[in-house]
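User: I am new to reading protein models. Please take me through this one, feature by feature.

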Amino acid sequence: MNKADSERMAGILEDMGFEWTEDPNQADVILYNTCTIRDNAEQKVYSYLGRQAKRKHEQPDLTLIVAGCVAQQEGEALLRRVPELDLVMGPQHANRLKDLLESVFEGNQVVATEEVHIFEDITQPRRDSQVTAWVNIIYGCNERCTYCVVPNVRGVEQSRTPESIRAEIEQLGKQGYKEITLLGQNIDAYGRDLPGSTPEGRHLHTLTDLLYYVHDVPGIERIRFATSHPRYFTERLIKACAELPKVCEHFHIPFQSGDNELLKAMSRGYTHEKYRRIIDTIRRYMPDASISADAIVGFPGETEAQFENTLKLVEDIGFDLLNTAAYSPRPGTPAALWDHQLSEEVKSDRLQRLNHLVNIKAAERSQRYLGRTEKVLVEDQNSKDKTQVMGRTGGNRLTFFTGDIHQLKGQIVEVKITEVRAFSLTGEAVEVRQPVTV
Ligand code: SAH
Ligand code: SF4
């Protein structure tokens, strides 16, 4: 989500005539797009900012911007902490960067953190990739997971209309993009804030309907989406994914904990049994589907036995990938105020144990690829070996094989997998033989 916001803001800056530089010390305008999901993400920005604030004393025309979730969380307090800042802007204001900067250039110090209706983006994002692109479909989150700062900083749910989403995807198709990832904090909430309902009382616009609606956009060959919420995940969506050939068989469905009491304390609104049923249903329709998720260890009050329930879930499901994190108390969230916080030692010990298991299970999952031929969408050169290109399988496994990026970029290549690791694969392109007429 932050990457998508960064690309849109970079597009606006480019549109205003700015040029990109790799070296921050060469820049006249520096924009930090920040994350506050955990404390270590937040602390990073202060260390970067300190250095540039110093530079501003020698170069007073340097413009310093903090955008994103730390900006939203701290607001004016950030200006008191770093008075050298010119602009503090929350994530909902990303599309307004031009107006805000113009006000800065008129001599104002600007804070833009009030809740706003997010305007449709009229400028072009400066996308990092020429092959894959993010497409926001819903901003914000109406959930109240007790550990999570996102609703405080990204505001309430705001869905884009299916028409504007399709228009953006059509343009991407024309520009040569091959893969899109539809984005939302809770993507299953898509459409519930839009008007209209079906005769059965279902919202007229759901993620499932949107997938059918955008599926035939010319040029786009792969469609992904994230992040799914187990509370709202439907069999109807699973069916659509099985039915629609462009939708990749990869599901990112965070479970956070394998323990029902903890799930309740987190206000997640499902049990581990329900989560298992979802995965079973996915595998019934698509036996080879990749499953990834997020999990938190060391939530306040988590006992050893409760943590073991998380290990058990990971053991049983066998994730292709799991993003793990030690619980980090966040300002303005309920769980941060609870008594029974765990020590850093306990949290990091559990994190290590969980990661160890994740590696073992992911390596097991990778085995199924060995000897198989997979369709790989080539994105880039392998930065560690320039004779190789890198891309992803439909299931989102990173795959490397020998090839020339100038020829292969943006192509879907059949690759025979010869080597597997926990989170990546190596293979050889299968020769496409031209039939000869005799
Ligand atoms: N909207 C998505 C992702 C939200 S943030 C969802 O609902 O799953 C991404 C991940 O960060 C979360 O899934 C969670 O695992 C982790 N996370 C969020 N708040 C956290 C916190 N306070 N401490 C540790 N991890 C956290
Ligand atoms: Fe945070 Fe929960 Fe919303 Fe995800 S669903 S962004 S974890 S509040």
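User: Which residues surround ligand 2?

Analyst: First, the ground rules. This is a predicted model, where local features need pLDDT of at least 70, side-chain atom pairs count only at pLDDT 80 or more, and totals for chains, interfaces and linings use all residues. Residues are numbered from 1 along each chain as its sequence is written, chains are lettered from A and ligands numbered from 1 in the order in which they are written, and side-chain values use heavy atoms, without hydrogens and water. A residue is near a molecule if one of its heavy atoms lies within 4 Å of it. Around ligand 2 are Cys141, Glu143, Cys145, Tyr147, Cys148, Val150, Pro151, Gln185, His229 and Arg268.

User: What classes of residue make up the shell around ligand 2?

Analyst: Ala, Val, Leu, Ile, Met, Phe, Trp, Tyr, Cys and Pro count as nonpolar; Asp, Glu, Lys and Arg count as charged; the others, Gly among them, count as polar. The shell around ligand 2 has six nonpolar, two polar and two charged residues.

User: How many residues surround ligand 1?

Analyst: There are 15, and the closest are Tyr147, Gln185, Gln256, Asp294 and Ser328. By class, seven are nonpolar, four polar and four charged.

User: Which backbone atoms make polar contacts with ligand 1?

Analyst: A polar contact is a pair of N or O atoms within 3.5 Å; within protein, one must be able to donate a hydrogen and the other to accept it, and residues adjacent in sequence count only if both atoms are side-chain atoms. A polar backbone atom of tyrosine 147 is 3.0 Å from a nitrogen atom of ligand 1. For a polar backbone atom of serine 328, the distance to a nitrogen atom of ligand 1 is 2.8 Å.

User: Is glutamine 256 buried or exposed?

Analyst: Buried means under 20% relative accessible area, exposed over 50%, partly exposed in between (1.4 Å probe, protein chains only). Glutamine 256 has 7%, so it is buried. Its phi is near 70°, a positive value in a residue other than glycine.

User: Which residues of helix 9 are buried?

Analyst: Helices (H or I, at least four residues) and strands (E, at least two) are DSSP runs, numbered from the N terminus. In helix 9, residues 235-243, the buried ones are Leu237, Ile238, Ala240 and Cys241. Seen down the axis, they fall within an arc of 160°, so they line one face of helix 9. The arc is that of the directions from the helix axis to the C-beta atoms.
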